[in-house]
Amino acid sequence: MSTITTRAAIARAAHRGWELVDLQLDDPKEHEVRVKFVASGLCHSDDHITQGDAPVRMPVVGGHEGAGIVESVGPSVTRVKPGDRIICSYIPACGACRPCSTGHQNMCVKGLNAGTGMFLDGTFRFHLGDEDLGGFCTVGSFSQYAVISEWAAIPLADDIPWEVACLVGCGVPTGWGSAVYAAGVRAGDTVVVFGSGGVGSNAVQGARYAGAKNVVVVDPVEYKREMATSVFGATHAFASAKEAHDFVVETTWGQLADHAILTPGVVTEEMVNSALQMTGKGGKVTITGVGKLTEKAAHFHAGALIGYQRQVRGALFGDCNPLYDVPRLLGLYRAGQLKLDELVTRTYELEQVNEAYQDLTDGKNIRGVILHGE
């Protein structure tokens, strides 16, 4: 078996940041492709790894929002060929398992090793000396090259910029779908979005596209509130849940919101309870972000649900079907009906990955993107 050397950012343990190393990368095996990444989104989910809030196998190659060029393919690959431009779906879509065949590609059984990066044959493709490493979500886009499942590769048209394309592998459909599919926003609704970063900005866009009358953002960062209202379509934005609650009560004449969508960096118990209190009869709270491993983010009295017949549900990939929704969202982008260029606040080189995540923590970015170069 031949291998190539690839530069990558890995996390060895929590609270140690990202480390740049040279790894050996195997050839792709059956139904696998080797990708030369051009762009990788800097999603908060990867930050959860270094913060100790993602239960993943360490060390791990970071990155799960990736777009690049197919360098080589293994046996039996039919979806893509060498030279193709692709987006990586962080959840693969085989199209044949029970979830896929019933319209739930976001829960494809081929995605069962997201936390380890191990392939379905029980082996790994990244190696550091004698140590085997997995890529986060079996992608690892913080590496110049990676081997991914054929089922995680979505063909990409030539007219889509790389820095935009990589975000449509996770943050864009996750946010958009959380509003349009998971929450089921309808015309005239009042929607409250907690957190307007890379995912929340797209939840805002999804809610407006679905016809919401009021799209209310809650975010402590002034820059993100300004972007939400001036660029992505929020009608109002507040720094605190209390301010938003008072506005929702006033603007709905006490009926409260139809939906609250939680897309922050970290979901907290206080946030979930604020969202519940802000939704009215028959309302729904949709949780897309994740919380701290050591803390309970959902802890409330059953009466809070029963009295108003509220719902609380989780959303994975925004209930999107990658093979259908990724091209669909790019079609809306082409038509000028979905703002994606505006999501990219700054681009970085791979060596700047720790600086990039500090910028995310400091609230400077909607979304940062690593450019590996073509």
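**Packing and pairing in a predicted model**

Trainee: Does Asp-84 count as buried or exposed?

Mentor: Asp-84 counts as buried, at 17% relative accessibility. Buried means under 20% relative accessible area, exposed means over 50%, and partly exposed lies in between, with a 1.4 Å probe and protein chains only. Please note that this is a predicted model, in which local features need pLDDT of at least 70 and side-chain atom pairs count only at pLDDT 80 or more, while totals for chains, interfaces and linings use all residues. Residues are numbered from 1 along each chain as its sequence is written, and side-chain values use heavy atoms, leaving out hydrogens and water.

Trainee: Which side chain meets Asp-84 in a salt bridge?

Mentor: That partner is Lys-81, at 2.9 Å from N to O. A salt bridge is a side-chain nitrogen of Lys or Arg within 4 Å of a carboxyl oxygen of Asp or Glu. Lys-81 is exposed, with a relative accessible area of 51%, whereas Asp-84 is buried.

Trainee: How many salt bridges does the count come to?

Mentor: The count is 16 salt bridges. Among them is the one between Arg-12 and Glu-19, whose closest N and O atoms are 2.6 Å apart. Arg-12 is partly exposed at 31%, and Glu-19 is partly exposed at 30%. Another joins Glu-355 and Arg-346 at 3.1 Å, N to O. Glu-355 has a relative accessible area of 36% and is partly exposed; Arg-346, at 30%, is partly exposed too.

Trainee: Which residues do salt bridges that share partners join into one network?

Mentor: They are Lys-29, Glu-32, Asp-121 and Arg-125.

Trainee: Changing topic, how many aromatic pairs are there?

Mentor: There are six aromatic pairs. Trp-176 and Tyr-209 form a tilted one, with 5.1 Å from centre to centre and 50° between the planes. The rings of Phe, Tyr and Trp (its six-membered ring) pair if their centres lie within 6.5 Å; planes under 30 degrees apart count as stacked, over 60 as edge-to-face and the rest as tilted.

Trainee: Why does that pair tie together parts 33 residues apart in sequence?

Mentor: Trp-176 lies in helix H4 (residues 171–183) and Tyr-209 in helix H5 (residues 200–209), so the pair links parts that are 33 residues apart in sequence. Helices (H or I, at least four residues) and strands (E, at least two) are DSSP runs, numbered from the N terminus. Trp-176 is buried at 2%, while Tyr-209 is partly exposed at 42%.

Trainee: Which residues do ring pairs link into a cluster?

Mentor: Trp-18, Phe-142 and Tyr-357 are linked in that way.

Trainee: Back to helix H4: is Thr-174 buried or exposed?

Mentor: Thr-174, which is found in helix H4, is buried, with a relative accessible area of 7%. A polar atom of its side chain lies 2.7 Å from the backbone oxygen of Cys-170.

Trainee: Leaving aside neighbours within four places in sequence, which residues is Thr-174 in contact with?

Mentor: Beyond those neighbours, Thr-174 is in contact with Tyr-90, Val-199, Thr-288, Phe-317 and Gly-318. Contact means heavy atoms within 4.5 Å.

Trainee: Lastly, which residues of helix H8 are buried?

Mentor: In helix H8 (residues 269–278), the buried residues are Met-271, Val-272, Ser-274, Ala-275, Leu-276 and Met-278. They pack against several elements, including helix H7 (241–251), strand S14 (257–262) and strand S15 (279–287).

Key. Polar contact = N/O pair within 3.5 Å; in protein donor to acceptor, adjacent residues only side chain to side chain.
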